[in-house]
Amino acid sequence: MEKKNIDWSNLGFGYIKTDKRFVSNYKDGIWSEGILTDDAEVTINECAGVLQYAQTVFEGMKAYTTEDGRIVIFRPDLNAARMADSARRLEMPVYPEENFVKAVEDVVRANAAWVPPYGSGATLYLRPYMFGTNPVIGVKPADEYQFRVFATPVGPYFKGGAKPLTLRVSDFDRAAPHGTGHIKAGLNYAMSLHAIVSAHEDGYDENMYLDASTRTKVEETGGANFIFVTHDNKVVTPKSDSILPSITRRSLMYVAKEYLGLECEEREVYMDEVKEFAECGLCGTAAVISPVGKIVDHGTEICMRAGMEKMGPVTQKLYDTLTGIQMGRIEAPEGWLHTVE
Ligand SMILES: *Cc1c(COP(=O)(O)O)cnc(C)c1O
């Protein structure tokens, strides 16, 4: 199969229309079989549930080419399960998890020419999502939904090496206690836009959000979970019911324990103790891990020991091991790489 003529290594993170996307509709209590289509436009009623009351959830994952030339998707079963949890929380019908994985596979297969070659650093980003489509004016869940999956090629996250980020502790909250912080829904992002735009205006890369009720514990950023490394090489990640359960973070914690033999802890992390950590990173599908160099808490600067120049040594090892597993250079745990035949 001939690849698209794209300068893969210089792609950014933006939408590029690819050949095929998957669409299935939910009506009268059942999901249609679903089709692959060329049509990238969505036409819905002006009063659709998603447009009025933001009834929509999504996922984000990647397909890429391994060293031995296979096209694989990383742990899509976990995205399927997480999207089911998100849907239930917003009173949406669950798109069956097996069909989710099959739809994502179909989209990758139909856009195989868009899957970047091994070694380019680029990947095919996959975006499954669903939304309420029928008119809803009184506040209630929609009765009809659409589930879609599209693919778009994205470039290497770190061009010319990973530069540690500078964060600030936000005065805004990301998620309420007992709210929707643990699900992947557009509504959590809509309300984060003001906070991120103003952080950028003030020269910061990201916001560090604290728990909304006490403002003493670390939660996450707008779109990535934290991992910290102690001076004696213990890997620590914050535990909270309002954090989105990152698949990358869960994979990294497994790698830390099972591949690197490091002690790992998922527990509450107080803002007061952040200055004691040696390394800090942000985990998510897009970058795997972005190192954090500095955290500014209302005028107090916390500089991570690993410094502002590059990833700390443990963060680097975690990054190398997980990306090695993903690219097929290091043996993967059972079920982590889903091959698209
Ligand atoms: C998607 C997301 C993450 C990262 O999750 P991954 O499964 O690792 O991509 C972290 N935090 C938030 C708020 C997210 O929406």
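Helices here are DSSP runs of H or I with at least four residues, strands are E runs of at least two, and both are numbered from the N terminus. Helix axes are lines fitted to C-alpha atoms over the stretch in contact, with angles running from 0 to 180 degrees between N-to-C directions. The model is a predicted one, so local features need pLDDT of at least 70 and side-chain atom pairs count only at pLDDT 80 or more, while totals for chains, interfaces and linings use all residues. Residues are numbered from 1 along each chain as its sequence is written, and side-chain values use heavy atoms, with hydrogens and water left out.

Take the helix pair to start with. Helix α2 (residues 76-89) packs against helix α3 (residues 97-110) at an angle of about 125°, and the two axes are 9 Å apart. That makes α2 and α3 oblique to each other, the label for whatever is left once angles under 35 degrees (roughly parallel), over 145 (roughly antiparallel) and 65 to 115 (roughly perpendicular) are taken out. On the α2 side, Pro76, Asp77, Asn79, Ala80, Ala81, Met83 and Ala84 meet Glu97, Phe100 and Val101 of α3, where contact means heavy atoms within 4.5 Å. Sorted by class, this contact has seven nonpolar, one polar and two charged residues; Ala, Val, Leu, Ile, Met, Phe, Trp, Tyr, Cys and Pro count as nonpolar, Asp, Glu, Lys and Arg as charged, and the others, Gly among them, as polar.

Asp28, in the loop between β1 (21-27) and β2 (30-31), has a phi near 50°, a positive value in a residue other than glycine. Glu91 sits in the loop between α2 and α3, and its phi, near 55°, is likewise positive in a residue other than glycine. Asp28 is exposed, at 72% relative accessible area, and Glu91 also counts as exposed, at 56% (buried is under 20%, exposed over 50%, partly exposed in between, with a 1.4 Å probe and protein chains only).

Lys3, finally, belongs to the segment before β1 and is partly exposed, with a relative accessible area of 29%. Neighbours within four places in sequence aside, Lys3 is in contact with Trp8, Ile71, Ala112, Ala113 and Val115. The Lys3 side chain reaches the backbone oxygen of Val115 at 2.7 Å, and one of its polar atoms lies 2.9 Å from the backbone oxygen of Ala112. Lys3 and Met208, 205 residues apart in sequence, are 40 Å apart in space, C-alpha to C-alpha.

Note on methods: Polar contact = N/O pair within 3.5 Å; in protein donor to acceptor, adjacent residues only side chain to side chain.
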